[in-house]
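Dear colleague,

I am passing on the structure that follows, together with notes on what was found in it. Please read the notes with the coordinates open beside them.

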Amino acid sequence: MVSPANNAADRLLAALPTRGESGARFAALGFPTTRDEDWRFTNVMPIAELEFTSAAADAAANLEGCVFSGIDGPQLVFVNGHFSGKLSRVGELPAGVEIGNLAAAACEPCEAEDAFGALNTASFTDGACVRVADGVCFESPIRVYFLSTGDDGATANIRNHITLGANSKATILESWTGADAAYFNNVITELSVGDNALLEHVKFQNESMSAFHVAGLHATMGRDSRVAHHSIALGGRIARNNIRARLDGTGIEAILNGLYLPRGKQLIDHHMVVDHLQPHCDSHEYFNGILDDHARAVFHGRIHVHKGADKTDAKQTNKNLLLSDNATVNTKPQLEIYADDVKCTHGATIGQMNAEQIFYLRTRGLDEEAARRMIMHAFAGEIIARIGCIPAREELDRLVWDQLEGAES
Amino acid sequence: MLEIKNLKAGVEGRDILKGIDLTINAGEVHAIMGPNGSGKSTLAQVLAGREAFNVAEGSVMYKGQDLLELAPEVRVREGLFLAFQYPVEIPGVNTTYFLRAAVNAVREHHGEAALNAVDFLKLMREKIELLQLDEALLKRSVNEGFSGGEKKRAEILQMALLDPTMAVLDETDSGLDIDALKVVANGVNQLKRADNAQLIITHYQRLLDYIVPDFVHVLYDGRIVKSGGKELAHELEEKGYDWITNGELQTA
């Protein structure tokens, strides 16, 4: 029997150009269902029910109102998954730095490919390609804009490759926005970070409230490398981030830092798996969410400390603030430890605004409204404060603040 | 300044304060002592406006106003300040930012211009010296990760910044070592003036070696069962609370 989900996979493949074996793999796997443990809390049927079309190439678009516009440095722009030479500005680059589009070159399937990964490998049109050579520190933030011009069912598969050589350094700022429509972006970003290299990766996801966004981030890290990934998730009717980090070298530090602010009927899901394969690595997951209306959020953080990964320092925290009685959070911090000498902590909280904190602030002269705002801002600010790129941090702080002010009124 | 009459209050149907009468005039320092569960902290919280406590009967007049009618923020703007027994941690709220917001909320209430960051910092530096607080604490989140002594000193710093006319200190001495206690007591003593008053709630007589009260009251089972001068505190220390509780039981 053909399930509706498999049927949807066939319809989707028929709408898109495909390559290689991965299309068949996607067709065989089909859209995941809530019977699949990894998708228990996130039902993707609304995606499977779309009337799929291939997102239009050559659509007119502009960067008006986009974030990070005041920041100097190279910018790449993709419209509906297609590179826009007109809007992109790379400029002169120092030796050892390549910034451009991946073009439709054949790509290796990603490791342990799931359905969305297979779909991406089969059908991606383009994406950012950033390479920084060994020993090169590129100080300007590299901005990458993904714009969707809309149409219900318009589907874009986007593949990004970011490769940092040993002892190199880079900052990437991603922005995702789109017209008000039920379009679908399916993204894979491969990060390869060399020994002793340093990457800060900020993802600002502010897709249309009707859109669907499924994104895989696969990070492979060399010894003594440091990656800070910041996921600021505001948009999408369903937005799912699959974050996978392999710490296969000693002395690695991985920071996964996220803030989600779903409202209306949005669902925002962060699904993480961090593998500690070598000793002396640190990984920290900090995720805060503020939920309003009927919104839902999912946090799944799994840290897998393999045998021999001694002196692992792993921490997971997920804090949720519910502004409405109808909002729901499913949180699942998880530690799997097969090494002996480790320091691992995890914790999750879900709560209303803390009455004791509000009372304390009121006894110091702040009125109730000011006290609530101060606490809410603090909750979001805790995450935003970890962003190292100062102009990006300041702008995101303002944006998040504006959204929360709207939520309160 | 503060006149409490037959105050009865409780929480979730449980009576805790069973008729408190207490009058505090400007320039006076009052101490309330009592064993655990006598209602000391409830009295402090009711005065500060904690909504979880229901006032069943009685009245509290503060500077000619019905205190119980005022919102917590209005009480402090009008000069009634509570130093918490357990100061609340607020992760993510920067201490300096919070203190400036508090000071400016009070200033605004009195029609004074808000302090800018520079002027506020100057004022704060003056006050932290008095309390021997590490300035680095002020860059951290409110009370988060502070030691017990740091939290209590931070409370007194807030008191110094807000300059209350009626300060209520709820077990500010509990959990302090003798050095921290001296710093806190010194801070409180320096804030004492002829036009303000202090109500010191304590479990231990020790604090009263450093802050000398004009009046001492013993609270037991929701009532003030004995009042006297500072010598009452010493008597209590010698004889223990059993002296009062047994005495109370005998008269009951």
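**Strands of chain A**

Strand 5 (residues 128–132) of chain A is mostly covered, since four of its five residues are buried, where buried means under 20% relative accessible area, exposed over 50% and partly exposed in between, with a 1.4 Å probe and protein chains only. Helices (H or I, at least four residues) and strands (E, at least two) are DSSP runs, numbered from the N terminus. This is a predicted model, in which local features need pLDDT of at least 70 and side-chain atom pairs count only at pLDDT 80 or more, while totals for chains, interfaces and linings use all residues. Residues are numbered from 1 along each chain as its sequence is written, chains are lettered from A and ligands numbered from 1 in the order in which they are written, and side-chain values use heavy atoms, with hydrogens and water left out.

Strand 5 of chain A is joined by five bridges to strand 4 (residues 97–101) of chain A, and the two run antiparallel; two strands pair if DSSP finds at least two bridges between them. The bridge partner of A:V97 in strand 5 of chain A is A:V132. With strand 7 (residues 154–164) of chain A, strand 5 of chain A runs parallel, over four bridges, and here A:R131 has A:T163 as its bridge partner.

Chain A also holds an open sheet of ten strands, in the order 3-2-6-8-10-12-14-16-18-20, with mixed pairing. Strand 3 (82–83) and strand 20 (343–351) of chain A stand at its edges with a single partner strand each, so one side of each is left without a neighbour in the sheet. Helix 6 (residues 368–384) of chain A packs on this sheet and touches strand 12, strand 14 (253–260), strand 16 (282–291) and strand 18 (313–322) of chain A, contact meaning heavy atoms within 4.5 Å. The direction of helix 6 makes about 150 degrees with that of strand 16 of chain A; axes are lines fitted to C-alpha atoms, for helices over the stretch in contact, and angles run from 0 to 180 degrees between N-to-C directions.

**Aromatic rings**

Over all chains, a search of the whole structure finds twelve aromatic pairs, where rings of Phe, Tyr and Trp (its six-membered ring) pair if their centres lie within 6.5 Å, and planes under 30 degrees apart count as stacked, over 60 as edge-to-face and the rest as tilted. The rings of A:F31 and A:F116 are edge-to-face, because their centres are 5.7 Å apart and their planes stand at 70 degrees. Both A:F31 and A:F116 are buried. The rings of A:Y360 and B:F98, by contrast, are stacked, with centres 6.3 Å apart and planes at 25 degrees. This pair crosses between chains, from helix 5 (residues 355–362) of chain A to helix 3 (residues 95–109) of chain B. A:Y360 is buried, with a relative accessible area of 0%, and B:F98 is buried with a relative accessible area of 0%.

**Chain B**

B:T95 lies in helix 3 of chain B and is buried, with a relative accessible area of 7%. Leaving aside neighbours within four places in sequence, the contacts of B:T95 include B:L137, B:R140 and B:F146.

Helix 5 of chain B is mostly covered, with 13 of its 15 residues buried, and is followed by B:D163, whose phi is positive, near 50 degrees.

With regards
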